[in-house]
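Could you walk me through this protein model in plain words?

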Amino acid sequence: TDRYAVFGNPVEQSKSPTIHAAFAAQTGQTMTYSKQLVALDGFSEAAEAFFAAGGKGLNITVPFKQEAYSFAARLTARARHAGAVNTLALQDDGTILGDNTDGVGMVQDLLENLGWQIRGKKVLVLGAGGAVRGVLEPLLEQLPQHVVIANRTIDKALQLAKGFAEMGYLLGCGFDMLEGQQFDLVINGTSASLAGEVPPLPNDLLTADGHCYDLMYAAQPTPFLVWARQHGARAVSDGLGMLVEQAAESFKLWRGVKPETKLVISELRDNLT
Ligand code: ATR
C-alpha cells in the first residue's frame, strides 16, 4: 500500500489525515496517510528515512516548509517563488519533487468555493511572513488591479513586494500607511489571530463590495473576521476551504486524480471544535 504522511511539530492537531482519508475513499485509491511528529532538528533525517522505507509523498507543515524546500531535489516554479514547500512527491526516476499548493488552494477556495472575484480587484494582504509568501504568486496570476502588502515590520513588506514585482503591480507598506486607501479584498496572512489580535486597520478600509478572507480557520470567527463584519464586509471567510483545497492539489500531484472538496469542507466545518 502506498504510504503518505504529514510532518510537523506540533502535528497532533493536523486535519490532513482525515482529509486525505476522505479523498482516498471518494476516489477509490488504496493508500495510507499518517501524521508524524518530527524533532525540531530532525527534519531531513526523518524525510530521508520515510522515503528510504518506501514512502511516496509527504505534506510538510510548521515549522519545516523551508527545510523541505532545501530537501527537494527539484522544485515546481511556484514552490521556488514561495521559497517554501508543503508537498514532497517521489518521482518515477527516484528523485523528490517539492511543490507548494497553499497559494493555488487559496485561489481555488476564493474563486470556486466562495465565488469571489480577484481579477481587477484592489487587494490588500496583511502580513509578510511565510504564509503570505506562499500565496502571492497564485494570487497575482489572477490579475488583481493591484496588491498592497501591509506588515507590522515594514521592511519585510517592502522586501516581499520587491521580490514579486515582476509578477504584478504590488506595493509594500506599514499599517499606518493604509489610511485613506480602500480595498475590495483583504486577506489576513498575519498570525495575529493566534494572540487574539487584529492588526491596526483604518475604519473605512473596505469598499462597499469589501470581502475579507483569513488564511487561518477556527470554530469561532477569527478576530480579523469579527473586525471585518463590524466594518461592513459584504462577505467573509476563514481558511478552512483553503486547507482542503491545498490538500486536494497535493493529492492530485501524488495520485493523478483530483478529488471533490465541497463535502469534505462541510464535514470538517461541522466537526470543528
Ligand atoms: P507564518 O508562517 O504564519 O507566516 P511568520 O513567517 O512568522 O509566520 O509571519 C507571521 C506574520 O504575522 C508576520 O507578518 C508578522 O509581522 P512581523 O513581520 O512584523 O513580525 C505578523 N504578526 C504576528 N503577530 C502579529 C500581531 N500581533 N499584529 C500584527 N502582525 C502580526
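L143 counts as exposed because it has 12 C-beta neighbours inside 10 Å. The cut-offs go like this: a residue is buried if 20 or more other C-beta atoms lie within 10 Å of its own, exposed if 12 or fewer, and partly exposed in between, with C-beta atoms placed from the backbone. You'll find L143 in the loop between α6 (130–141) and β8 (146–150). Its phi is positive, about 60°, although L143 is not a glycine. From the C-alpha atom of L143 to that of G130, 13 residues away along the chain, the separation is 22 Å.

A word on what you're looking at: this is a predicted model, where local features need pLDDT of at least 70, side-chain atom pairs count only at pLDDT 80 or more, and totals for chains, interfaces and linings use all residues. Residues are numbered from 1 along each chain as its sequence is written.

Now zoom out. The chain has 10 helices and 12 strands; helices (H or I, at least four residues) and strands (E, at least two) are DSSP runs, numbered from the N terminus. The chain's radius of gyration is 18 Å, close to the 19 Å that the globule rule gives for 273 residues, so the chain is as compact as a globular protein of that length. That radius is taken over C-alpha atoms, and the rule is 2.2 Å times the number of residues to the power 0.38. Along the principal axes, the C-alpha atoms fill a box of roughly 55 × 40 × 30 Å. Of the 273 residues, 45% count as buried.

How is the chain divided up? The domain assignment gives domain 1 (2–100) and domain 2 (103–240), and such bounds come from an automatic or database domain assignment. The C-alpha centres of the two domains lie 27 Å apart. Their contact takes 7 residues from domain 1 and 6 residues from domain 2, where contact means that the C-beta atoms of two residues, placed from the backbone, lie within 7 Å. On the domain 1 side, helix α4 (residues 77–82) gives the largest share, 3 residues.

Next, the inside. The largest nonpolar core has 74 residues, and those with the most contacts inside it are F7, L58, I149 and V186. Such a core is a set of buried Ala, Val, Leu, Ile, Met, Phe, Trp, Tyr and Cys residues joined through C-beta atoms within 7 Å. Helix α9 (residues 240–255) gives the most to this core, with 8 residues. Domain 1 (2–100) and domain 2 (103–240) both give residues to the core, so it lies between them. Take F7: leaving aside neighbours within four places in sequence, F7 is in contact with residues including V38, F43, L58, I60 and F64.

Which residue does UniProt list for "active site"? The record, an unreviewed entry, lists K65; UniProt positions are given in the numbering used here, feature names are shortened, and annotations may be inferred rather than shown by experiment. K65 is in helix α3 (residues 65–71). Is K65 buried or exposed? K65 counts as buried because it has 24 C-beta neighbours inside 10 Å. Not counting residues up to four places away in sequence, K65 touches I60, A84, V85, N86 and G130.

UniProt also places the feature "domain: SDH C-terminal" (unreviewed entry) at residues 239–268. That span is 77% helix and 0% strand, and its end C-alpha atoms lie 12 Å apart.

Helix α8 (residues 223–230) is worth a look too. Its buried residues are P223, F224, L225, W227 and A228. What covers them includes β10 (183–188), β11 (206–214) and β12 (235–237). Just after α8, G232 takes a positive phi of about 85°.

| Cis peptide bond | Omega |
|---|---|
| N9 and P10 | about 5° |
| V62 and P63 | about 0° |

P10 lies in the loop between β1 (2–8) and α1 (16–27), while P63 is in the loop between β3 (57–60) and α3.
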